[in-house]
Amino acid sequence: MATAQLVNPFREGLREDRATVPVHLVIFGAGGDLTTRKLLPAIYNLAEAQLLPPGFCVTGFARTEMSDADFQKSLKDAVATSGDVRERKAEVLKDLADRAHYVTGDFKDKAAYQTLKAKLKEFDETYGTSGNRIFYIATPASLFGTIVQNLQEAGMTTAENGPQHFVRIIVEKPFGRDLASAKALNAEMLSCLGEDQIYRIDHYLGKETVQNILVFRFANGIFEPIWNRRYIDHVQITVAESLGIEGRANFYEETGVVRDVIQNHALQLLSLVAMEPCTSFDARDFRDEKIRVVSAIRPIQPDEVSSQAVRGQYGPGFVDGTDAIGYRQEKGVAPESVTPTYAAFRFWIENWRWAGVPFYVRSGKRLAKRATEILVSFKQAPHPPFHAANLGRLENNSLSLRIQPDEGITLKIGAKVPGPSMRIRTVDMDFGYGATFGAADSSPYERLILDCMKGDQTLFDRTDGVEAAWAHIDPVLTAWDAQSPSSFPNYDAGTWGPDEADALLAADGRAWRRL
Amino acid sequence: MTPNNGAAVAVPAGFIAIDAGDVDAALATRWETLALKGEAPVSRACTLNLLTFVEQLPEMADVSAVVDQVAATHPIRAIAFALDDSIPDGAVRTWVGGLCDGHEDSSHVCSEGVALAAHSNCALRMASAITSSLKRDVPAMLWWRGGSPFVLRLFKQVAPLASKIIVDSIRFGDGAASLDTLRRLAEYRNGSMVVSDFNWERTRAWRATVAACFDDPAVIALIDEFDHCTVECAGKVDGPIAGPARALLFAGWIVQRRPQLAGRSSIVGRRGARGAEGSISAVTLSSSRSRATLAVTWDVAAHRLIGCATDGSGVQIRCLNFAADPQDDASLLERCIATFDRNPLFDAVLRAE
């Protein structure tokens, strides 16, 4: 294949944000909630921002009987109703809809994959997508293995047109439900695909504010010297939601807060705060460092679970001034359910930088407020040379990285209150994304789908990363499974979680930050 | 608005006249006032000083409208300055404004605007007013919205303040002479100033389209067939022309990327082609040995570029549609200020031409 060796001389030196290589995006589970709420609006936004390659089309694949026209209508409906869509342009939507197709098939039916394969080949001719494929598996995790196996058997996991072309697979979290199942799933996928073909998506990493953690740490020399155990007292990571389970009882009963948030989003945030600087921001270096720090977390031993982790479940209460039912009263939830809707952990990272610095991580449903924040609390000045009576309660300096909402960064410092006496008050130095750049935070799915089109795995999880995270969560889940909680529900909806979570920090002489 | 000297100057709405030298104090007061009223974020961010040379004083408000669009996503201090003989010889007239004006949403980006005007005899005074108006510790770019900067003494005074100059080579008289001016700018002060050109940015979609067509395996397979390039421009005549700057830049890029086409490129005018005079309307790579072609054309109605390739026997093998870039000044300016870095490709094209 002489043509496969030819290099495009016109590509070199072009500064392109957009994906340039033709690609066919195939969505498994095209009739599902994720597709309509997130993926289709994200694809539209990419089209509107002219970031899609010219050779592009999208094909939905699912069991639900649907025609191309039906799928195109669901694309249009998704764009019309999604809050993620920035600007609706009829001509962009029409052009995208013209490139949208649908193939009906059961994920377990091998013949359906042959039908899909034939269709994709036909579309390659129509749209010039050159055989490049991204399979986005937006299905329940239990189907990942089956789909990948069937793709392989249908000869669809390798690029037919030669090594310059690609087949990539995006899979959604949760990746496994414990360490054993994650390992089994990894093994199954790696028997069909190379690691460089697998894009395990954690949409948190696609958020601008999450990526800004890296910029904040590694593009600002001022913070690096103090980013360690000598100056940092502790770190708090909060992923709080005021919403309940929003009708997703089946999913949540199976998952719970630890699998839904702590194992992935929260540990991702922890790794970005705590990782060592990587030598470059390429996929290998970055992920090596990220995984290294997760691996350095001290494993929680079975007999330590009760002192290092707290679980909770919400009962009835009030959120934003309105009545909220308890978790067990949610439709589809078992009346005696012991699924945790809240969890808090104390992690210790055993390395030179972080020895002795606790990382407190909490997440929950139906908390007082929706807020994802990282608080870095610094040690107090060793000896304030002011009269103690005038100081009042001198707070630790702290740095808050607000991931969502009201994205930004706040540094709390002590300042002298104007006047003849030496009075000190804590004041905020505040950086707000909205006020500074105005630009709306693009949906993380846009960024991550685009990265996949470009073949950039930096912001995707790797086999060893997934397994390292599960290794820290597994003992806790096992211990909790072995001992049913007697106190559930143990926090009221609209509060900041169970008293035990406060006690977790109080035992160290600390308190959760009030958000 | 009538400044304190009585001369009528079309400064942007909402700007207030102040004494030269009071820029920082006046802006600080406005911020404090807005913060106290709860109408603006308490934080005050600034990423760039954008110095804009306004060739004609009446254009000041137009320039401000363009800069406002850019400032909607970049917190900047925009300093527009003009020399005009309607301003009495003497002090530099100064106005400040901006600061979230017109935006009810307090989360909107807040930028700062400074307008300066002086008699053409006052270049040195103007340079000094610009220097004192700069936001400290923030980098500066110079948008030279005028003809060749080398004819004005003011340029020599202002250029050292900026690390990048943004120009529109159309304003340099177009044609080969404008490329000479671009080259002089690129070499100015030992090449220490980065140059961006609106005209080069206008070719971006054409370059991206040609590149994207060759991403296709069937088209890249034809690349050695192509031994001629024709760039077609909207013009007053049909047939070969000396070439407007945009076409020269594009042809220079083709040759820089594909040296085999050196001396085998032509620029032709096309009467009646849609678009402003000098704008590219079609690009064709062709073969003297076969009927292989890659033709990229501008579909005016659909506002997109269409790239179609035929194989050696003249059979069409691929047709792809590409979105066109916005070509308005605000979009071009936004692209130009996106980076402080030198663009090696642009530099290479200037050298190659």
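Modeller: Once neighbours within four places in sequence are set aside, B:Val92 is in contact with B:Ala20, B:Leu116, B:Ala118, B:Cys122, B:Arg125, B:Met126 and B:Ala129. This is a predicted model, and B:Val92 itself sits in the loop between strand E3 (76–83) and strand E4 (93–98) of chain B.

Biologist: Does B:Val92 count as buried or exposed, and what makes it so?

Modeller: A residue is called buried if 20 or more other C-beta atoms lie within 10 Å of its own. B:Val92 has 23 C-beta neighbours inside 10 Å, and therefore it counts as buried.

Biologist: What separates the C-alpha atoms of B:Val92 and B:Arg257?

Modeller: The two residues are 165 residues apart along the chain, and their C-alpha atoms are separated by 48 Å.

Biologist: How are helix H9 and helix H11 of chain B oriented to each other, and why?

Modeller: The axes of H9 (residues 245–257) and H11 (residues 344–352) of chain B come within 9 Å and cross at roughly 95°. An angle from 65 to 115 degrees counts as roughly perpendicular, and H9(B) and H11(B) are therefore roughly perpendicular to each other.

Biologist: Which residues make that contact, and how do they divide by class?

Modeller: From H9(B), the residues B:Leu249, B:Gly252, B:Trp253, B:Val255 and B:Gln256 meet B:Ala348, B:Val349 and B:Ala352 of H11(B). By class, the contact of H9(B) with H11(B) has 6 nonpolar, 2 polar and no charged residues.

Biologist: Turning to chain A, what describes the arrangement of helix H1 and helix H2, and why is it given that name?

Modeller: The axes of H1 (residues 33–48) and H2 (residues 68–81) of chain A come within 9 Å and cross at roughly 90°. That angle is set against the range of 65 to 115 degrees, and H1(A) and H2(A) are therefore roughly perpendicular to each other. A:Thr36, A:Leu40, A:Pro41 and A:Tyr44 of H1(A) make the contact with A:Ser74, A:Leu75, A:Ala78 and A:Val79 of H2(A). The residues of this contact divide into 6 nonpolar, 2 polar and no charged.

Biologist: How many residues of helix H13 of chain A are buried, and what follows for the helix?

Modeller: Of the 11 residues of H13 (residues 444–454), 10 are buried, so the helix is largely enclosed by the rest of the structure. The buried residues are A:Pro444, A:Tyr445, A:Glu446, A:Arg447, A:Leu448, A:Ile449, A:Leu450, A:Asp451, A:Cys452 and A:Met453.

Biologist: Which elements of chain A do the buried residues of H13(A) pack against, and what follows the helix?

Modeller: They pack against strand E1 (23–28), H1, strand E4 (133–137), strand E5 (167–172) and strand E6 (198–201) of chain A. H13(A) is followed by A:Gly455, whose phi is positive, near 75°.

Biologist: How many helices and strands does chain A have, and how does its radius of gyration stand against the globule rule?

Modeller: The secondary structure of chain A comes to 15 helices and 18 strands. Taken along the principal axes, the C-alpha atoms of chain A fill a box of roughly 80 × 55 × 40 Å, and 46% of the 515 residues count as buried. Among the contacts of chain A with a separation of 6 or more, 79% come from residues 24 or more positions apart.

Biologist: Where do the two chains touch, and what makes up the side that chain A contributes?

Modeller: With contact taken as C-beta atoms within 7 Å, 28 residues of chain A are in contact with 32 residues of chain B. The elements that give two or more residues to the side of chain A are strand E17 (424–432) and helix H12 (433–437), and H12(A) supplies the largest share, 4 residues. By class, this side of chain A has 12 nonpolar, 13 polar and 3 charged residues.

How values were computed:
Residues are numbered from 1 along each chain as its sequence is written. Chains are lettered from A and ligands numbered from 1 in the order in which they are written. This is a predicted model: local features need pLDDT of at least 70, side-chain atom pairs count only at pLDDT 80 or more; totals for chains, interfaces and linings use all residues. Axes are lines fitted to C-alpha atoms, for helices over the stretch in contact, and angles run from 0 to 180 degrees between N-to-C directions. Angles under 35 degrees count as roughly parallel, over 145 as roughly antiparallel, 65 to 115 as roughly perpendicular and the rest as oblique. Ala, Val, Leu, Ile, Met, Phe, Trp, Tyr, Cys and Pro count as nonpolar, Asp, Glu, Lys and Arg as charged, and the others, Gly among them, as polar. A residue is buried if 20 or more other C-beta atoms lie within 10 Å of its own, exposed if 12 or fewer, and partly exposed in between; C-beta atoms are placed from the backbone.
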